[in-house]
Amino acid sequence: MAKPLTSHRPVLAVSLKLSALVLFTAMQALVKALSVDFPPGEMVFFRSLFAVPVIIGWLVYRGELAQGLVVKKPMGHFWRGVLGTSAMGLTFTGLSLLPLPEVTAIGYATPIFTLILAAIMLGERIRMIRIGAVAIGLLGVLIMIWPRLGGNNMDTAATIGALCVLAATMARAFVQIHIRQLVQVDHPAAVVFYFSMTATLLSSLTAFWGWTMPTWEQALILACMGLIGGVAQILVTSSYRFGQASMLAPYDYTTMLFAIVIGYVWFDELPTLVMLGGAVLVIAGNVLVILRERQLGVDRGKDKSAPDPKS
């Protein structure tokens with residue numbers, strides 16, 4: 001009998017998810033530190049290139065390499081790569097211009113934008129609870145970025161950074177919608193593999209706008225950044241083999257704690273009360289969506305378990 005691909009092991013699932021989130025936050029800290037010397041496109045290249053061997057090794061271990069190489073919608077993977085690479089580049093630009101906790105907080109808006117796009121592009125129905133969640137989340141986003149958009153003491157660089165991170169958040173929402181469509185015809189392993197390959201290729205084109213030749217020490221750090229990102233991607237994917245998405249989703253917000261600690265210790269950054277207030281509203285909107293999805297899942301389970309009146 002074949003070994004099942006999934007099982008319910010919540011402690012392991014949470015451990016994997018938290019480990020991935022710590023690594024993702026550490027990777028962003030490395031990006032921020034390196035942004036003093038390297039342009040975003042070059043960092044995206046190293047992040048993508050050195051994630052490839054990790055992902056290939058994981059697919060070989062899982063016996064999914066063959067499935068990861070065969071696709072039915074190659075152009076779909078290309079456009080997913082364009083969107084994902086753009087989101088990564090915009091995020092890296094934002095990290096060079098904003099405090100780490102602020103970038104993390106604005107990024108929480110991705111599920112809110114995904115919900116809006118799902119209604120527009122996929123025709124998904126949004127009822128009152130979700131509409132309220134979207135309204136709360138968008139208000140939180142507005143509160144967070146408002147200080148960057150006006151005022152006598154407006155920092156132009158920080159304004160550009162906030163807009164870049166907001167654009168990256170919207171691009172990631174498009175990516176989420178695109179992935180929902182891709183996995184209907186192609187294996188998830190293919191989505192992971194071809195994104196890494198496409199991101200490496202596309203980011204390499206930014207060399208025409210000027211790259212910085214790294215020292216051996218810097219090259220090692222850039223390589224570690226990619227390896228950390230690849231391992232984190234595998235850990236977060238593996239976590240969903242052992243726990244439901246609705247159970248694991250709230251743990252995403254622990255990244256704010258990691259970002260505050262790393263930002264303070266490494267970069268001497270502290271979040272403002274306005275930013276924290278906006279982040280709380282965005283998180284509240286996302287939690288409403290999570291709770292609603294969980295309730296809908298319970299209701300669907302009840303419907304499936306109900307006896308068929310025709311039987």
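Tutor: The secondary structure here comes to 14 helices and zero strands. Helices (H or I, at least four residues) and strands (E, at least two) are DSSP runs, numbered from the N terminus. This is a predicted model, where local features need pLDDT of at least 70, side-chain atom pairs count only at pLDDT 80 or more, and totals for chains, interfaces and linings use all residues. Residues are numbered from 1 along each chain as its sequence is written, and side-chain values use heavy atoms, with hydrogens and water left out.

Student: Why is helix 2 called largely enclosed?

Tutor: Start with the term: buried means under 20% relative accessible area, exposed over 50%, partly exposed in between (1.4 Å probe, protein chains only). Eight of the ten residues of helix 2 (residues 40-49) are buried, so the rest of the structure largely encloses it. Among the buried ones are Met 43, Phe 45 and Arg 47. The cover includes helix 1 (10-34), helix 3 (52-62), helix 5 (74-97), helix 10 (188-204) and helix 11.

Student: Which residues does Met 43 touch, not counting those up to four places away in sequence?

Tutor: Val 31, Leu 34, Ser 35, Phe 38, Phe 92, Leu 222 and Met 225. Contact means heavy atoms within 4.5 Å.

Student: What makes a nonpolar core?

Tutor: Buried Ala, Val, Leu, Ile, Met, Phe, Trp, Tyr and Cys residues, joined through side-chain atoms within 4.5 Å. The largest such core has 44 residues; Met 43, Phe 92, Met 144, Leu 222 and Met 225 have the most contacts inside it. Helix 9 (residues 156-182) gives the largest share, six residues. A second, separate core has nine residues, including Trp 58 and Ala 189.

Student: Why is Leu 139 called partly exposed?

Tutor: Its relative accessible area is 45%. Leu 139 sits in helix 8.

Student: Where does Leu 235 lie, and which residues does it contact beyond four places in sequence?

Tutor: Leu 235 is in helix 11 (residues 216-239). Its contacts are Leu 16, Ser 19, Ala 20 and Leu 23. Leu 235 and Lys 17 are 218 residues apart in sequence, yet 6.5 Å apart in space, C-alpha to C-alpha.
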